[in-house]
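Student: I want to go through this protein one site at a time. Can we work by question and answer?

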Amino acid sequence: MFSRRNFLAGASAFLFPQLPRKSAGLKTSPALSPIRFREVAQRSGLDFVLQNNPTPRKHMIETMPGGVAAFDYNNDGRVDIFFTNGASIPSLEKDSPKFFNRLYRNDGGMKFTDVTSEASVAGAGYSMGTAAADYDNDGHTDLFVAGVYRNILYRNLGNGKFEEVTEKAGIKSDKWSVAGGWFDYDNDGWLDLFVVNYAHWTPDFDRYCGERDRNLRVYCHPKYFEGLPNTLYRNRRDGTFEDVTAKAGIAPHIGRGMSVAFADYDNDGFTDVFVTNDNLPNFLFHNRGDGTFEEVALQAGVALTNNGLPVASMGADFRDFDNDGLCDLNITALAGETFPLFHNLGKGLFQDVTHKSRLAALSTARSGWSNGFFDFNNDGWKDLFTANSDVNDLIDLFGSTHYKQPNSLFANLGNGTFRDVSSEAGFDLARAHRGSAFANLDNDGKIDVVVSALGEPAELWQNVSPDPNHWLILKLTGKRSNRDGIGAKIRLGNQSNHVTTAVGYASSSPSLVHFGTGMLEKIERIEIRWPSGIVQVLRNVATNQLLEVHEPEK
């Protein structure tokens with residue numbers, strides 16, 4: 001039996017085999033294992049309130065902050081929580097402590113302490129999204145914060161403090177950035193940074209949208225905002241980054257970016273990039289493996305839904321939901337647009353299965369922001385969580401939908417379809433939800449959820465699902481690959497997953513990879529393909545543990 005957090009080796013030199021196409025998961029009982037959550041933010045000491053600072057002029061930026069990051073900043077084995085926050089308008093300055101970004105240290109037992117000041121991460125400007133990963137391979141997780149003409153890169157010093165290194169590292173703040181994500185696009189063992197940009201905007205923008213006669217001013221439709229290209233920074237391995245947006249082929253593609261998700265969707269060994277666009281076709285940047293990307297969303301089938309129209313795409317998660325070994329794609333959007341689900345058919349093609357999976361019927365009345373595929377009841381199938389709210393804070397005056405909405409949980413039935421279990425799971429708080437992060441916060445093997453909400457306290461949902469299903473969490477540590485193992489693929493039984501921190505809307509979850517294993521107490525075979533190309537096989541691994549796996553030398 002392997003001990004907790006032990007070192008494992010045992011690589012093999014063979015190439016990573018083609019994963020089977022036949023959908024199959026761990027054997028499960030005929031009845032769905034129940035999923036239950038309880039909201040514990042207040043009793044846990046998590047007292048953050050997202051200050052989007054709404055104004056009578058209805059500035060578009062007010063609708064879009066709220067990124068959340070879950071990561072272990074002090075390497076104590078407990079996952080901590082970071083929130084982005086707004087600022088004054090029109091100055092875009094954090095001129096009051098209420099606008100500070102906030103870091104909460106996990107003290108264990110689902111208790112948290114605000115350590116923002118001592119960690120030096122209060123930030124500056126009107127912040128939006130965040131992304132956490134170890135970009136300098138020193139064993140400490142660093143932090144990127146995207147904002148309105150104010151991006152921030154923090155280097156983790158390893159002593160509980162962060163150093164702001166934005167300009168020194170070559171990171172620009174010349175656009176309205178919403179999100180970011182870390183990935184190793186050139187497989188050189190160092191993480192690169194993809195920054196998602198939204199649109200041209202300044203505080204001077206004062207178009208009136210709504211009904212003047214009734215004095216009902218609403219946030220303007222995205223069509224009134226000219227889009228932007230995204231930004232790609234290559235890690236120079238010396239603490240600085242090179243802007244390779246043009247060189248890599250990203251620059252020509254203009255969108256209104258909201259979120260980014262990474263996966264090697266065609267299993268060619270190079271990580272690809274998906275970007276959600278607001279009321280424009282989405283982008284899928286296929287990694288050619290030579291430092292350049294080709295935008296292929298339309299021909300791959302993920303630019304638009306089946307009706308041929310773009311939607312208000314917001315959050316994204318890029319994972320294998322049906323255990324066939326290929327990464328599928330889920331997107332959140334507004335009421336009437338559904339939460340599109342694209343099934344990976346292989347050979348670079350996707351099929352819109354939103355209706356077939358029942359997600360269309362289940363989600364059409366809801367508006368979603370952040371999302372994540374995680375196995376919340378540990379039955380071997382990834383379920384879908386969405387953080388919900390409309391964009392228009394006056395929508396209740398015009399239609400049947402609501403501005404503030406409860407979060408959703410769609411249980412994976414293991415046959416390609418989902419069931420709405422939101423109410424029985426305990427999601428009853430209607431708020432203007434935005435970002436979300438997913439982590440095993442109390443180290444019990446069940447995935448908990450933290451969610452931000454405009455103008456109201458953040459929510460901390462502790463997973464208290466009752467069935468004694470087993471689990472396994474892998475912490476990968478690279479040697480030839482990047483330290484976090486980001487981009488590594490894992491095959492466990494008939495399940496597959498990969499290491500990423502870019503999950504949901506403008507948010508970041510730990511690089512730890514969680515598997516539910518049902519009644520299995522031991523996993524016969526786990527196969528890991530590292531970004532370096534090394535394939536490692538683990539055998540007879542006991543479940544119910546966090547297992548640290550180190551990349552072999554060769």
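Student: In which strand is serine 370 found?
Tutor: This is a predicted model. Here the strand covers residues 368-374. Serine 370 is found in strand S25.

Student: Is serine 370 buried or exposed?
Tutor: The cut-off for buried is under 20% relative accessible area. Serine 370 has 0% relative accessibility, so the residue counts as buried.

Student: Which side chain joins that of serine 370 in a polar contact of 2.7 Å?
Tutor: Start from the contacts of serine 370 beyond four places in sequence. They include Thr332, Phe385, Arg434, Ser436 and Tyr505. The polar contact of 2.7 Å runs from side chain to side chain, and the partner is serine 436.

Student: How far apart are the C-alpha atoms of serine 370 and proline 552?
Tutor: Along the chain, the two residues are 182 residues apart.

Student: Why does serine 509 count as buried?
Tutor: Buried means under 20% relative accessible area. Serine 509 is buried because its relative accessible area is 2%.

Student: Which backbone nitrogen does the side chain of serine 509 reach?
Tutor: Beyond four places in sequence, serine 509 is in contact with Ala70, Ala437, Phe438, Thr500, Thr501 and Val503. The side chain of serine 509 reaches a backbone nitrogen at 2.9 Å, that of phenylalanine 438.

Student: What backbone oxygen does the side chain of glutamine 495 reach?
Tutor: Glutamine 495 is found in strand S34. At 2% relative accessibility, glutamine 495 counts as buried. Its side chain reaches, at 2.7 Å, the backbone oxygen of glycine 516.

Student: How far apart in space are glutamine 495 and threonine 517?
Tutor: In sequence, glutamine 495 and threonine 517 are 22 residues apart. From C-alpha to C-alpha, the distance in space is 9.3 Å.

Student: Which strand gives the most to the lining of the largest pocket?
Tutor: The elements that give two or more residues are S3 (68-71), S7 (127-133), S32 (470-477) and S38 (545-550). The most, five residues, comes from S32.

Student: How many charged residues are in the lining of the largest pocket?
Tutor: By class, 11 residues of this lining are nonpolar and 12 are polar. The charged residues number eight.

Student: How many nonpolar residues are in the lining of the second largest pocket?
Tutor: The volume of the second largest pocket is about 300 Å³. Among its 20 lining residues, Cys220, His221, Pro222, Leu334 and Val391 lie nearest the centre. Four of the lining residues are polar and three charged, while the nonpolar ones number 13.

Technical notes. Residues numbered from 1 in each chain as written. Predicted model: local features only at pLDDT ≥ 70, side-chain atom pairs only at ≥ 80, totals over all residues. Heavy atoms only, no water. Buried < 20%, exposed > 50% of the residue type's maximum accessible area, 1.4 Å probe, protein only. Polar contact = N/O pair within 3.5 Å; in protein donor to acceptor, adjacent residues only side chain to side chain. Contact = heavy atoms within 4.5 Å. Helix = DSSP H or I, 4+ residues; strand = E, 2+ residues; numbered from the N terminus. Nonpolar A, V, L, I, M, F, W, Y, C, P; charged D, E, K, R; others polar. 1 Å grid on protein atoms, 1.4 Å probe; cavity = no way out; pocket = protein on both sides within 12 Å on 5 of 7 lines; lining within 4 Å. Points joined across faces, edges and corners; volume = space filled by probe spheres on them.
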